Amino acid sequence: MKRRAFLALSTALAAAPVLSGTAVAAAPRTTGGLDTAALRAALAGLPDDDATAALVRVGGTDGTWHGAGGVHDLASGRAALPGARFRAGSTTKVVTAATVLRLAAARRIDLDAPVQHYLPRLFRSTAFHRPISVRHLLNHTSGIRSGDGWGDAFADQYAHRFDVLPVSRVVASALAKGPAFAPGEQQDYLNINYTLLGLLAERVTGEPFADVATRLVLRPAGMRATYFPGSDPDVRGPHNHGYQLVDGAFVDVTRWVQTDRFAAGDMISTTADLERLLFSLFRGRLVPAPQLREMFTVPAGIDGATMSAGLQRIDLGDRTFWGKSGARYGYSAALAATRDLSRTLVYSVNATDAKGEEMNPVAARIVGAAVSDG
């Protein structure tokens, strides 16, 4: 998997550009210090070559703003559904981290214990002789290399979009490569760490990961529209279509089996549910305080480290945000908030190059508008 820096923005993005374009639907509650004009402008003009739709929720002490722009699908041109479900990508890792930390609080998992202790069969006959703690997996300092998928190119992956890639095969391919570095020496953001955490949760509970995460996190947080699709290629319920722009043509990528993403990125959610997750987590309603500190602690002594357990530290202007982004073909999402919840942001952008190296321009406008003050 390619490295994907979360919200890599310069301070210039603190002022969103004023754009002209199509009308944007927004919730009636727009108040205070939020730059609502910039937020509306960020969603204007959709669909375009960068995105076909976008959904946004901004909140905090300065008020709240909800908006939607773009279309449900290109064929009909109907307005985008504001409450639509979407593929949440790596924002799944926030749920996975919270699940593991809740198991740690219940003394089902020891964060300092080696993952080799919990999953000995996976590591047997591999070159991983040094202990890799559960905490190393949580903050991406394990040294485990990425697993193999269907390929890196869109065409290769698209050809297999309805095929099931077993998680066991992904993990075996990763461990067969041996360590990239000693545990704790570097930070390398990779899906494999959270794939193993999902298997760990299954091992200690005897339940499928989706069931554990639903019981420990989704239900307590009130995330009723969020689920793990497994081998189902469809996005169930109301959703906006996702597209990939290929040689000037829009390819519908809404239907896609995501089993290999597993606990690292298989979740389907809504902006309202991800906002509920933010508030439940940051207010300490999901994870007890001793374990919650892991989510706001970046490992010390590692150059360039920004990832904690499930989140990432992002400094934007004079504010520090903690959040997570995620992307699957056709869908790009993020959730972020200041630690005191004085400013929160959740968005879903139906990006036409969601797996590209650069941040989507629509998402960049949204972030710039969300962190600025009116």
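Arg107 sits in the loop between α2 (92–105) and α3 (115–118). Keep in mind that this is a predicted model, here and in everything that follows. The phi angle of Arg107 is near 65°, which is a positive value in a residue other than glycine. Why does that deserve a second look? Most residues other than glycine have a negative phi. Arg107 also counts as exposed, because its relative accessibility is 81%.

Ser125 is another case: its phi is near 65° too, again positive in a residue that isn't glycine. You'll find Ser125 in the loop between α4 (120–123) and α5 (134–138). With a relative accessible area of 77%, Ser125 is exposed.

## A cis peptide bond

Now look at the step from Leu46 to Pro47. Is its peptide bond cis or trans? The bond is cis, with omega near 5°. For background, most peptide bonds are trans. Pro47 belongs to the loop between α1 and β2.

## How α7 and α8 pack

Let's move on to helices. Two packed helices are described by the angle between their axes and the distance between the axes. For helix α7 (residues 167–175) and helix α8 (residues 191–205), the axes come within 11 Å and cross at roughly 125°. That angle makes α7 and α8 oblique to each other, and their crossing is left-handed.

Which residues do the touching? On the α7 side they are Val167, Val170, Val171 and Ala174, and on the α8 side Ile192, Thr195, Leu196 and Leu199. Sort the residues of this contact by class and you get seven nonpolar, one polar and no charged.

## How α8 and α9 pack

Helix α8 also meets α9, and here the axes come within 9 Å and cross at roughly 85°. So α8 and α9 are roughly perpendicular to each other.

In this contact, Gly198, Ala201, Glu202 and Thr205 of α8 meet Phe209, Val212 and Arg215 of α9.

## Salt bridges

Side chains of opposite charge can pair when their charged atoms come close. How many salt bridges are there in this model? The count comes to twelve. Arg215 pairs with Glu207, and their closest N and O atoms are 2.5 Å apart. Arg215 is partly exposed, at 37% relative accessible area, and Glu207 is partly exposed as well, at 24%.

Another pair is Asp234 with Arg255, where the closest N and O atoms are 2.5 Å apart. Asp234 lies in the loop between α9 (209–221) and β5 (243–246), while Arg255 lies in the loop between β6 (249–252) and α10 (262–265), so this pair ties together parts that are 21 residues apart in sequence. Asp234 is partly exposed at 29%, and Arg255 is partly exposed at 40%.

Then there's Arg313, whose side chain meets that of Asp315 in a salt bridge, 3.5 Å from N to O. Arg313 is partly exposed, with 39% relative accessibility, and Asp315 is partly exposed, with 48%. Salt bridges can also share partners, and that is how Asp112, Arg135 and Glu294 are joined into one network.

Is α13 enclosed by the rest of the structure or left open? It is largely enclosed, because ten of its eleven residues are buried. Those buried residues are Val362, Ala363, Ala364, Arg365, Ile366, Val367, Gly368, Ala369, Ala370 and Val371. What do they pack against? The partners are α1 (36–43), β2 (51–60), β8 (312–316), β9 (319–328) and β11.

Met359 is in the loop between β11 (343–351) and α13 (361–371). Its relative accessible area is 24%, so Met359 counts as partly exposed. To see how the chain folds back here, compare Met359 with Ser332: they are 27 residues apart in sequence, and their C-alpha atoms are 9.6 Å apart in space.

Technical notes: Residues numbered from 1 in each chain as written. Predicted model: local features only at pLDDT ≥ 70, side-chain atom pairs only at ≥ 80, totals over all residues. Heavy atoms only, no water. Axes fitted to C-alpha atoms, helices over the stretch in contact; angles between N-to-C directions. Helix = DSSP H or I, 4+ residues; strand = E, 2+ residues; numbered from the N terminus. Parallel < 35°, antiparallel > 145°, perpendicular 65-115°, else oblique. Left-handed = near helix turned anticlockwise from the far one by under 90°. Contact = heavy atoms within 4.5 Å. Nonpolar A, V, L, I, M, F, W, Y, C, P; charged D, E, K, R; others polar. Salt bridge = Lys/Arg side-chain N within 4 Å of Asp/Glu carboxyl O. Buried < 20%, exposed > 50% of the residue type's maximum accessible area, 1.4 Å probe, protein only.
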